[in-house]
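Work through the exercises below with the structure open beside you. Try each task before reading its solution.

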Amino acid sequence: MTGDPKQLSCAEFQAQLPELIGAGGDPSTHPHLQHCPLCRALLSDLETIAEAARKLFPSVEPPDELWEQIESAIKREEEQEIHSR
Amino acid sequence: MNDSSSPEARRCESADSADPPAAFSASRPAVARPISADSDLVISAQAGDHYAFAQLYALHKRRIYSLCLRMVGRVAEAEDLTQEVFLHLHRKITSFRGDSAFSTWLHRLAINVVLMRLRKKTLSLVSLDEVMAPTADDSPGRSFGAADPALAGAIDRLALQRAISELPPGYRLIFILHDVEGFEHNEIASILDCTIGNSKSQLHKARLKLRDALRTDKRQEGRS
């Protein structure tokens, strides 16, 4: 591996990518990307996927009946505990 | 973890209804109580107050159910898992000592219940470790070669949802926790008992695998 970030191969850059993305900075400013359309497209796709995923799953309420089931199960467990004493 | 700034805490403030379910009615007081903070409710629930437990359910049900649904993708199984989480909570609530925020502790408990379910489901097929460490066959392809079309701006919701549901469980869990639930890598590492580097690397592989799947879809669309 070379010390000059501009001279990184795609394999070397992509090996560093999880850390570059995970560190919270802006990986799009990395020197390797200035001359590598393949890795630029990769980074752009990964950002698009993360963005799309955030919008994909709305927060939803469970059905009201679920509490009744949970309450019944709790009562059953408590009764079993009393009987086993 | 600073709970007031954690993603779950922020979400909890706005997303969850605080109305308790109309249950445990025998122990419900005649005069409605004001909405209490988690800590008061937890102390009461630890002392066996069923109404307080019902209020905790009302406060946290949306987040827990949403997490379960995101992880398993099927309503019936998500309901079953949510029930399991709150049964677990009922059994274990006296062990909560307040070392972390209650919402963080409950989230960890929920994730452990989900993990246990995933492990049970995959036991007959793969080893326990493989749930959290996918096999080489599960690894995404590398991107050094052919210039496939970029996805940017053209992700189909259903295709992405399907691709996420088809991720190996370990990848899916980290992807959901980070990209959907908004946890930081240090929080995920703490919840899943792995290193921060492992969390970053698994997330990256999950995204690469999703990219592979979405590009395959796109190529197939192009041919048809």
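**Exercise 1: Two helices of chain B**

The crossing of α2(B) and α3(B) is left-handed; a crossing has that hand if the near helix is turned anticlockwise from the far one by less than a right angle, and is right-handed if clockwise. The model is predicted: local features need pLDDT of at least 70, side-chain atom pairs count only at pLDDT 80 or more, and totals for chains, interfaces and linings use all residues. Residues are numbered from 1 along each chain as its sequence is written, while chains are lettered from A and ligands numbered from 1 in the order in which they are written.

Task: Describe how α2(B) and α3(B) cross and which residues meet.

Step 1. Find the helices, which are DSSP runs of H or I with at least four residues, numbered from the N terminus (strands are runs of E with at least two). Helix α2 of chain B covers residues 38-46, and helix α3 of chain B covers residues 50-72.

Step 2. Compare the axes. They come within 7 Å and cross at roughly 135°. Axes are lines fitted to C-alpha atoms, for helices over the stretch in contact, and angles run from 0 to 180 degrees between N-to-C directions.

Step 3. Name the arrangement. That angle makes α2(B) oblique to α3(B). Angles under 35 degrees count as roughly parallel, over 145 as roughly antiparallel, 65 to 115 as roughly perpendicular and the rest as oblique.

Step 4. List the contacts (C-beta atoms, placed from the backbone, within 7 Å). From α2(B) come B:L41, B:V42, B:S44 and B:A45; they meet B:A52, B:F53, B:Q55 and B:L56 of α3(B). Six of these residues are nonpolar, two are polar and none is charged. Here Ala, Val, Leu, Ile, Met, Phe, Trp, Tyr, Cys and Pro count as nonpolar, Asp, Glu, Lys and Arg as charged, and the others, Gly among them, as polar.

**Exercise 2: The next crossing**

Task: Describe how α3(B) and α4(B) cross.

Step 1. Helix α4 of chain B spans residues 75-92, and its axis comes within 9 Å of that of α3(B), at roughly 140°. So α3(B) is oblique to α4(B).

Step 2. The crossing is right-handed.

Step 3. Among the contact residues are B:F53, B:Y57 and B:I64 of α3(B), and B:V75, B:E77 and B:A78 of α4(B). By class, the contact has 12 nonpolar, two polar and one charged residues.

**Exercise 3: One residue, B:D40**

Step 1. Count its neighbours. B:D40 has 14 other C-beta atoms within 10 Å, so B:D40 is partly exposed. A residue is buried at 20 or more such atoms, exposed at 12 or fewer, and partly exposed in between, with C-beta atoms placed from the backbone.

Step 2. Look further off. B:I164 is 124 residues from B:D40 in sequence and 38 Å away in space, C-alpha to C-alpha.

**Exercise 4: The chains and their contact**

Task: What is the secondary structure of each chain, and how many residues does each give to the contact?

Step 1. Chain A has four helices and zero strands. Chain B has 10 helices and zero strands.

Step 2. Buried residues make up 29% of the 85 in chain A and 41% of the 224 in chain B.

Step 3. The contact takes 34 residues from chain A and 38 residues from chain B. On the side of chain A that touches chain B, α3(A) gives the most, with 13 residues.

Technical notes: Two residues are in contact if their C-beta atoms, placed from the backbone, lie within 7 Å.
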